[in-house]
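Please give a short report on this structure for someone who has not seen it before. Keep to what can be read from the model.

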Amino acid sequence: MISPRRGTTTTRPAALTDDLLESLVARVPGSSGATWKLTEVYTGELLVELPQSTQEDIERAFREARAAQRLWAQWPVKKRLEVFERAHTLLLDNALTTTDLIQAESGKNRRMAVEETCDPPMIISHYLKRAPKLLTPKKHGGPVPFLSSSTEVHVPKGVVGIIAPWNFPFATGLSDAIPALMAGNAVVVKPDNKTALSPLYGIRLLEEAGLPKGLFQVVCGEGPDVGPTLIDNADYVMFTGSTATGRVIGERAGRNLIGCCLELGGKNPMIVLDDVDAEEWVESATFGVFGNTGQICMHIERIYLPESRYDELRDVFVRRAANLRIGASYDFGPEIGSLVSPDHRDRVASHVEDAVAKGATVLTGGRARPDLGPAFFEPTVLEGVTQDMLAGKTETFGPVVGLYCYRTVDEAIKLANDTDYGLNASVWSGDIARAEAVAERIDSGNVNINDALATAYASKATPSGGVKNSGVGARHGDQGLLKYTDVKNVAVLKKQVLGARPGQDYDSYVKQMLSSLKLMRRLRVR
Ligand code: NAD
């Protein structure tokens, strides 16, 4: 039975004073005076009026960012990185205030909010180690051994535009900006209106750590209002959000001939093999489906169970889902929080209603919970979901999962791959080699073995992105920083030896050149 935990508190945390909230939004340009009512998700009460940026405000933000970037790019890399050494400490020292802000604006439970605050420090740690190597010019041999060389120099793109979603507002607002800044860029970020507070707070902490004022700008507004001006002024765009919006961003970036990275949606499958340890699996699977109230891009929406153990695994999973503590609270009681908004709750509900109308069965959950708050929806497990249902094909992005029975592993892989998305997948087995063989055959940017999603996402050294309709490019890894740079190839020829010597006939020049190439190959000289 799903019930709110006794003694939970929805009283707004003491740290979230009106002064704090108003001082955070004060840096958002909004010359027209228009504002957006940013509300506390648990109660629907107004938190603060968020200024909405006009086209002129956005253009001014870019001008200021560009001026600050010219100076920042001249700082030695070591000095730039010292800012992030200090920021790492400040972000962790203030993690609980950040947690309060994330919870208030997104409605997620406290565990998820705290974990979200850890992402930017993890990114900082990784790139503090890696950035000096990546940003040091690399000398390569040139076409003529000993007499020529070529040096790969990574120069910042300029001003990076970042468009972030509401589901991990602090992580997506800051973590993608950090490598861009380390590489010498300025950033203009557009958070979602609903969740602008936590990124604004994070940027304040970066500035306390010594990030020059003006380098990290924030503009706010509805996506279609702000997006075009932001993209038209940016030298690169980093977008995280839905596949539909990703197409709009990608088209505009393409017209402007600027690069972009698109981190989009998923319909992520989990394949459970017949030798799985049910107790170990069920905890991780429950988190993988219902963590962040199902609003994680990498969360699991389809679980494939082997016929030989279908009933046992289904029952274990449904029991755990039905016992999840759901509620509105700024303490660690609830395992599941709210959805982000009543609109989103309606979207999730529509997927469940559509599935039921077309013949699916609700094994647990399936209802909105207005008694808990305006946007709550129960953890929901469905059986009998088919491809003609919304929940069978398109991303629900809520606490809803379909269970499917498979007979052979080949069939499970075929079903898992039968989607336009390719963001994340999970494979479970008592035998890692067996699971790896399955992972190899899944079309997905990320595959977690014996975990649902966190291991891949937290592995910051490895690039993480989507394939098919789930994205273009990746974050993390070396490319997570290098994508924010242009490569300048500085080539040196010490003596004019290319081409025919004066008086040399063309036949002998060609002969000499071809035999030199053969000799160089034999000597392995480049
Ligand atoms: P969304 O695409 O509606 O919005 C994302 C951001 O884009 C918001 O800031 C929004 O204001 C802005 N936006 C909307 N329309 C725009 C336009 N025309 N031009 C410019 N900007 C525009 O997505 P959402 O509903 O906020 O977020 C949920 C989606 O994000 C899900 O599909 C989820 O899977 C995806 N997501 C993906 C990742 C990933 O890493 N792959 C991570 C988090 C979320």
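The report below covers sheets, salt bridges and a surface patch.

## Basis of the model

This is a predicted model, in which local features need pLDDT of at least 70, side-chain atom pairs count only at pLDDT 80 or more, and totals for chains, interfaces and linings use all residues. Residues are numbered from 1 along each chain as its sequence is written, and side-chain values use heavy atoms, with hydrogens and water left out.

Helices (H or I, at least four residues) and strands (E, at least two) are DSSP runs, numbered from the N terminus.

## The six-stranded sheet

Six strands form an open sheet with mixed pairing. Their order is β7-β6-β5-β8-β9-β17. Two strands pair if DSSP finds at least two bridges between them. β7 (216-218) and β17 (471-472) stand at the edges. Each has a single partner strand, so one side of each is left without a neighbour in the sheet.

L262 has V472 in β17 as its bridge partner. Helix α9 (residues 223-233) packs on the sheet. It touches β5 (159-163), β6 and β8 (236-240), contact meaning heavy atoms within 4.5 Å. The direction of α9 makes about 165° with that of β6. Axes are lines fitted to C-alpha atoms, for helices over the stretch in contact, and angles run from 0 to 180 degrees between N-to-C directions.

Helix α8 (residues 197-208) lies across β6 (186-190) and β7. It runs at about 155° to β7.

Strand β13 (residues 380-383) is covered on both faces. T380 and L382 on one side are buried, as are V381 and E383 on the other. Buried means under 20% relative accessible area, exposed over 50%, and partly exposed in between (1.4 Å probe, protein chains only). In a regular strand the side chains alternate between the two faces of the sheet.

β13 has strand β12 (residues 361-364) as an antiparallel partner, over three bridges. There, T361 is the bridge partner of E383. With strand β14 (residues 400-406), β13 pairs in the parallel sense over four bridges. L382 stands opposite G402 in β14.

The whole structure holds 32 salt bridges. Each is a side-chain nitrogen of Lys or Arg within 4 Å of a carboxyl oxygen of Asp or Glu. One of them joins D311 and R314 (3.6 Å, N to O). Both residues lie in helix α12 (residues 310-322), three residues apart, about one turn of the helix. D311 counts as partly exposed because its relative accessibility is 47%. R314, at 18%, counts as buried.

E335 meets R320 in a salt bridge (2.6 Å, N to O). This pair links distant parts of the chain, 15 residues apart: R320 is in helix α12, and E335 is in the loop between α12 and α13 (342-357). E335 also meets R325 (3.9 Å, N to O). E335 and R325 both lie in the loop between α12 and α13, so the pair ties together parts that are 10 residues apart in sequence. Salt bridges that share partners join E283, R320, R325 and E335 into one network.

## A nonpolar surface patch

M513, L514 and L517 form a nonpolar patch on the surface. Together they have about 270 Å² of accessible area, from the Shrake-Rupley method with a 1.4 Å probe, where for residues only the protein chains shown count as cover. Patches are made of residues with over 30% relative accessible area and no salt bridge: like charges are joined within 9 Å, nonpolar side chains (Val, Leu, Ile, Met, Phe, Trp, Tyr) within 5 Å. M513 sits in helix α19 (residues 506-522). Its relative accessibility is 35%, so M513 counts as partly exposed.
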